[in-house]
Amino acid sequence: MKVTVCVVLALTLFKPKEPITKISSATLQGISPRVTLPVLNIQINVTLDIKIQVENRNRVSFKHGDGTSLLMYKGVEVGDTDIFPGLIPARSSSILPCRLTLEADKLASNMTGFIGDLMGGELSLETVTRIPGRVTFLGFIKKHIVAKSNCQFVFGVPDMEIKSQICKNKAKL
């Protein structure tokens, strides 16, 4: 009887749900141009502090391992960061801080578009985040989950805030 109750609970009440991720804030830490001579070489380093909010909708904790987040600009990867392991309590959310430095050499193919977007006051970026982890039900039922999200957001340069964002979440259960 107890086994039947445990199985029913595991398949209904404790069924694993996918974590939901979104960008809670993005702050432009700095834009620093660098010019080297004798050959004229202009580089722009841009650092973004991004806070990724992960909401755990499960009735048990979500223990996640090392994750990654890629920063994309017009389809080209321009930066990445590691997400450190942690624990997100049951039915709550956590903020995972990330510091991304845009790699100027990867922006070089579209530097005029990037500078134009900065001067226009809006920078359209995309993050691709992958966070592997697991949830444990009743102390012995372990379910691996890989939370994936793709967030497209518009970052306002003069006001340094996210103007809009669209996130698509998917989890491999």
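Which residues form a disulfide, and how far apart are their sulfur atoms? This tour of a predicted model begins with that pair.

**Stop 1: the disulfide.** Select Cys151 and Cys167, which form a disulfide with their sulfur atoms 2.1 Å apart. A search of the whole structure finds 1 disulfide. The pair links distant parts of the chain: Cys151 lies in strand β9, Cys167 lies in strand β10 (residues 161-172), and 16 residues separate them. Looking along the S-S bond, one finds a torsion of about 115°, so this disulfide is right-handed. Is each cysteine of the pair buried or partly exposed? Cys151 is buried, with a relative accessible area of 1%, whereas Cys167 is partly exposed, at 26%.

**Stop 2: the whole chain.** Display the complete protein and colour it by secondary structure. There are 3 helices and 10 strands, arranged along the sequence as α-β-β-β-β-β-β-β-α-α-β-β-β. Of the 173 residues, 37% are buried. The accessible surface comes to about 9,900 Å², and carbon and sulfur atoms account for 58% of that surface. Among contacts between residues at least 6 apart in sequence, 65% join residues at least 24 apart.

**Stop 3: the core.** Next, select Ile50, Leu71, Phe114, Leu123 and Phe153, the residues with the most contacts inside the largest nonpolar core, which has 33 residues. Several elements each supply at least two residues of this core, among them β1 (20-36), β2 (41-56), α3 (111-120) and β9 (141-156).

Now centre the view on Ile50. Which residues is Ile50 in contact with, leaving aside its neighbours within four places in sequence? They include Ile23, Leu71, Leu96, Cys98, Thr127 and Phe153. Of these, Cys98 deserves a separate selection: Cys98 is buried, with a relative accessible area of 5%.

**Stop 4: helix α3.** Finally, select α3 and view it along its axis. Which residues of α3 are buried? They are Met111, Gly113, Phe114, Asp117 and Leu118. These residues lie on the same side of α3, because they cover an arc of only 165° around the axis. An α-helix has 3.6 residues a turn, so residues three or four places apart point the same way. The tour ends at Gly121, which follows α3 and has a positive phi, near 90°.

Conventions. Residues are numbered from 1 along each chain as its sequence is written. This is a predicted model: local features need pLDDT of at least 70, side-chain atom pairs count only at pLDDT 80 or more; totals for chains, interfaces and linings use all residues. Side-chain values use heavy atoms; hydrogens and water are left out. Helices (H or I, at least four residues) and strands (E, at least two) are DSSP runs, numbered from the N terminus. Buried means under 20% relative accessible area, exposed over 50%, partly exposed in between (1.4 Å probe, protein chains only). Contact means heavy atoms within 4.5 Å. Accessible areas come from the Shrake-Rupley method with a 1.4 Å probe; for residues, only the protein chains shown count as cover. A nonpolar core is a set of buried Ala, Val, Leu, Ile, Met, Phe, Trp, Tyr and Cys residues joined through side-chain atoms within 4.5 Å. A disulfide is a pair of cysteine sulfur atoms within 2.5 Å. The arc is that of the directions from the helix axis to the C-beta atoms.
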